[in-house]
Amino acid sequence: MRIPSKLLFCLATLSFLGACGVFKSQDGQSGARNAEPVQNNSDLREAELEDGTIWDAFKGRQAEQRLQVNRYLWTASLDVLNFLPIESVDPFTGLILTGYGTPPGGGQAYRATVHIQDPALEARSLNLALQTNGGRSVSKETVRSVEDAILSRARQLRIADKKF
C-alpha cells in the first residue's frame with residue numbers, strides 16, 4: 001500500500017512541531033518536561049511561559065519584554081554632560097554616546113559613554129566611561145565625580161517632581 005506524499009509530509013511536520021517543546025534544553029539536562037502535575041489553567045499558562053514553544057515566535061513576546069530606564073538618571077546625564085555633542089542615544093536600552101567636547105573651564109577634551117541599566121534611582125544603575133582625546137581612560141576620581149554629579153542632579157529632578 002502506497003502512502004500519499006502529502007500525508008507523509010503532514011505527519012513529519014506534526015511530529016517535528018510536537019517535538020519542539022519536548023526536547024528543548026537550556027541547562028544541558030534531558031529535555032523532558034517537569035513531572036509535576038498542573039493544578040489549573042493559570043499553572044498551565046505559567047508552565048507554557050517558562051518552557052517556551054515554537055509558537056512563542058508568532059505571539060510577539062519580544063514586544064512585551066521592554067527594558068526600563070530611570071528617567072531621572074537619563075535626564076540628569078544629558079544635563080550634566082550637556083557640553084558634549086550627542087552622537088547616539090537609545091532610550092530603550094539606556095545608552096548615551098557622546099563625541100569629544102571640552103568642559104567649561106577645562107582644557108582637556110573628553111567623550112563619554114553612559115549606560116543606565118536599571119529603572120531604580122541608585123548608583124548601581126549608572127555606568128559611566130570617560131575617555132580623553134588620545135583614547136586613554138580617565139582617572140577613577142574624575143569618573144566618580146561625574147557620576148556623583150549625575151546622581152545629585154537626578155535626585156534634584158526627583159524632588160522637584162514631588163515624588164520624594
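How many helices and strands does the secondary structure of the protein come to?

1. Overall make-up. The model is predicted. Its secondary structure consists of 5 helices and 4 strands. Along the sequence these follow the pattern α-α-α-α-β-β-β-β-α.

2. Burial and contacts. The protein has 164 residues, of which 23% count as buried. Taking contacts between residues at least 6 apart in sequence, 38% join residues at least 24 apart.

3. The core. In soluble globular proteins, nonpolar side chains tend to be buried together. Here the largest nonpolar core has 22 residues. The members that touch the most others are Leu81, Val114, Ile116, Leu128, Leu130 and Ile150. At least two residues of this core come from each of helix 4 (71-80), strand 3 (110-116), strand 4 (126-132) and helix 5 (140-160). Helix 5 gives the largest share, with 6 residues.

4. Ile150. Which residues does Ile150 touch, not counting residues up to four places away in sequence? They are Leu73, Ala76, Ser77, Val80, Leu81 and Leu126.

5. Helix 4 against helix 5. Two packed helices are described by the angle between their axes and the distance between the axes. For helix 4 and helix 5, the angle is about 125° and the axes lie 8 Å apart. An angle of about 125° falls between the ranges for roughly perpendicular, 65 to 115, and roughly antiparallel, over 145; the two helices are therefore oblique to each other. Their crossing is right-handed.

6. Gly94. Where is Gly94 found? Gly94 sits in the loop between strand 1 (86-90) and strand 2 (95-98). Is Gly94 buried or exposed? Its relative accessible area is 0%, so Gly94 is buried. Leaving out residues up to four places away in sequence, Gly94 touches Val69, Trp74, Val114, His115 and Ile116.

7. Gly94 and Leu73. These two residues are 21 residues apart in sequence, and their C-alpha atoms are 9.4 Å apart in space.

Technical notes: Residues are numbered from 1 along each chain as its sequence is written. This is a predicted model: local features need pLDDT of at least 70, side-chain atom pairs count only at pLDDT 80 or more; totals for chains, interfaces and linings use all residues. Side-chain values use heavy atoms; hydrogens and water are left out. A nonpolar core is a set of buried Ala, Val, Leu, Ile, Met, Phe, Trp, Tyr and Cys residues joined through side-chain atoms within 4.5 Å. Buried means under 20% relative accessible area, exposed over 50%, partly exposed in between (1.4 Å probe, protein chains only). Contact means heavy atoms within 4.5 Å. Axes are lines fitted to C-alpha atoms, for helices over the stretch in contact, and angles run from 0 to 180 degrees between N-to-C directions. Angles under 35 degrees count as roughly parallel, over 145 as roughly antiparallel, 65 to 115 as roughly perpendicular and the rest as oblique. A crossing is left-handed if the near helix is turned anticlockwise from the far one by less than a right angle, and right-handed if clockwise.
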